[in-house]
Amino acid sequence: MSRRKTGFPFLGLLFVLLLVGYFFFQLQQRPVPRQHRSRERRYSEHAGRPGRRENPDRSREQAAPAQDCSIFGITCESQYLAQWRQPRPGSCSTRLSHGYPVPDPRCTPGGIDASVSEETIRNPAWRTKCLRNCQSSEAEKHVTYKWYGIVKPRENSGESQVCELDHLVPLELGGADGLGNIWPECGPAGVSLDGRYFKLKDRVENYLADEVKAGRIPLAEAQQGIAADWTRYLPEANRYCAAGGRC
């Protein structure tokens, strides 16, 4: 009788172990849910990209400048064209030249990224997004309104845009993204968007960029010239625009 009692529990235990092993094997053979596979694939693709930090909070737009700049050897550093110190609120004011506003040279002397060369600008793959917001964020640039004592317009987009936080030396010409190269360019009121001052300055920027690419104006001369007085180039830029150039 004692042998039967000891044999039965052993066989029962063996049966239970086999049953548990079978269910565990079946569980391992089940396919991974599609949602989990996609998450794993997205993570592996993100972690495997060269030059990327494994930071899930960093957006693609924020990461793009560093990745693009590395292709051209861009350092994203500001070299100002005059000695510069961050201004106090209300201490800056624009002045007129040829009837158009130019920034206060004490507050906005202009600056360049010296790692951007004429060869860089002539490269068909060159894009200004490489430098945009690479040193100062859009929010940080808004402090320049306070420097110039200007209240940022509530409606400031599309046809209602009246102000632009402008790079004095444009990014298209290797301008710096530091605050010493940023100023709020506003007005005039009562004109269409194409007649706003920042749109007229865009013509000058396009004109000078094409002149540099064509080898007719050295890059350093264009950078220093537009920083000193962008309005001096407006007549040539208007003729260039009327002749089919980029407006």
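This note walks through a predicted model of one protein, point by point.

1. **Overall make-up.** The protein has 247 residues, and 37% of them count as buried. Its secondary structure consists of 9 helices and 6 strands. The exposed surface comes to about 15,700 Å². Carbon and sulfur atoms supply 53% of that area.

2. **The largest nonpolar core.** This core holds 36 residues. Which of them touch the most other members? They are Ile-74, Trp-126, Leu-173, Val-204, Leu-208 and Trp-230. Helices α3 (60-72), α7 (197-213), α8 (219-228) and α9 (234-242) each supply at least two residues of the core. Helix α7 gives the most, with 6 residues. As background, nonpolar side chains in soluble globular proteins tend to be buried together.

3. **A look at Ile-74.** Leave aside the neighbours of Ile-74 within four places in sequence. Ile-74 is then in contact with Cys-69, Asp-113, Ser-115, Val-116, Thr-120, Trp-126, Cys-130 and Leu-131. One of these, Trp-126, is also listed among the core members that touch the most others.

4. **Helix α8.** Six names to find in α8 are Leu-219, Ala-222, Gln-223, Gly-225, Ile-226 and Ala-227; they are buried. What do the buried residues of α8 pack against? Their partners are β4 (111-112), α4 (118-122) and α7.

5. The structure holds 8 salt bridges. In one of them, the side chains of Lys-141 and Asp-177 meet, at 3.1 Å from N to O. The pair links distant parts of the chain, 36 residues apart. Lys-141 sits in helix α5 (residues 138-141), and Asp-177 sits in the loop between β5 (163-167) and β6 (182-186). Are these residues buried or exposed? Lys-141 is buried, with a relative accessible area of 1%. Asp-177 is buried too, with a relative accessible area of 3%.

6. Arg-246 lies in the segment after α9, while Glu-172 lies in the loop between β5 and β6, so the pair ties together parts 74 residues apart in sequence. Arg-246 counts as partly exposed, at 34% relative accessibility. Glu-172 counts as buried, at 16%.

7. Glu-211 forms a salt bridge with Arg-216. Their closest N and O atoms are 2.9 Å apart. Glu-211 is buried, with a relative accessible area of 12%, whereas Arg-216 is exposed, with 57%. Elsewhere, salt bridges that share partners join Asp-166, Lys-201 and Glu-205 into one network. In general, side chains of opposite charge can pair when their charged atoms come close.

8. **A left-handed disulfide.** A search of the whole structure finds 4 disulfides. One is formed by Cys-92 and Cys-107, with sulfur atoms 2.1 Å apart. The link is left-handed, with -100° about the S-S bond. Cys-92 is in the loop between β1 (79-80) and β2 (95-97), and Cys-107 is in the loop between β3 (100-102) and β4. The two cysteines are 15 residues apart. Both Cys-92 and Cys-107 are buried.

9. Cys-163 and Cys-186 form a disulfide, with sulfur atoms 2.1 Å apart. Why is this disulfide right-handed? The torsion about the S-S bond of Cys-163 and Cys-186 is about 115°, so the disulfide is right-handed. Cys-163 lies in strand β5 and Cys-186 in strand β6, so the pair ties together parts 23 residues apart in sequence. Cys-163 is buried, with a relative accessible area of 5%. Cys-186 counts as partly exposed, at 22%.

10. **The disulfide of Cys-241 and Cys-247.** A disulfide joins Cys-241 to Cys-247, at 1.7 Å from S to S. The torsion about the S-S bond of Cys-241 and Cys-247 is about 105°, so this disulfide is right-handed. Cys-241 counts as buried, at 15% relative accessibility. Cys-247, in contrast, is exposed, with a relative accessible area of 52%.

Note on methods: Residues are numbered from 1 along each chain as its sequence is written. This is a predicted model: local features need pLDDT of at least 70, side-chain atom pairs count only at pLDDT 80 or more; totals for chains, interfaces and linings use all residues. Side-chain values use heavy atoms; hydrogens and water are left out. Helices (H or I, at least four residues) and strands (E, at least two) are DSSP runs, numbered from the N terminus. Buried means under 20% relative accessible area, exposed over 50%, partly exposed in between (1.4 Å probe, protein chains only). Accessible areas come from the Shrake-Rupley method with a 1.4 Å probe; for residues, only the protein chains shown count as cover. A nonpolar core is a set of buried Ala, Val, Leu, Ile, Met, Phe, Trp, Tyr and Cys residues joined through side-chain atoms within 4.5 Å. Contact means heavy atoms within 4.5 Å. A salt bridge is a side-chain nitrogen of Lys or Arg within 4 Å of a carboxyl oxygen of Asp or Glu. A disulfide is a pair of cysteine sulfur atoms within 2.5 Å.
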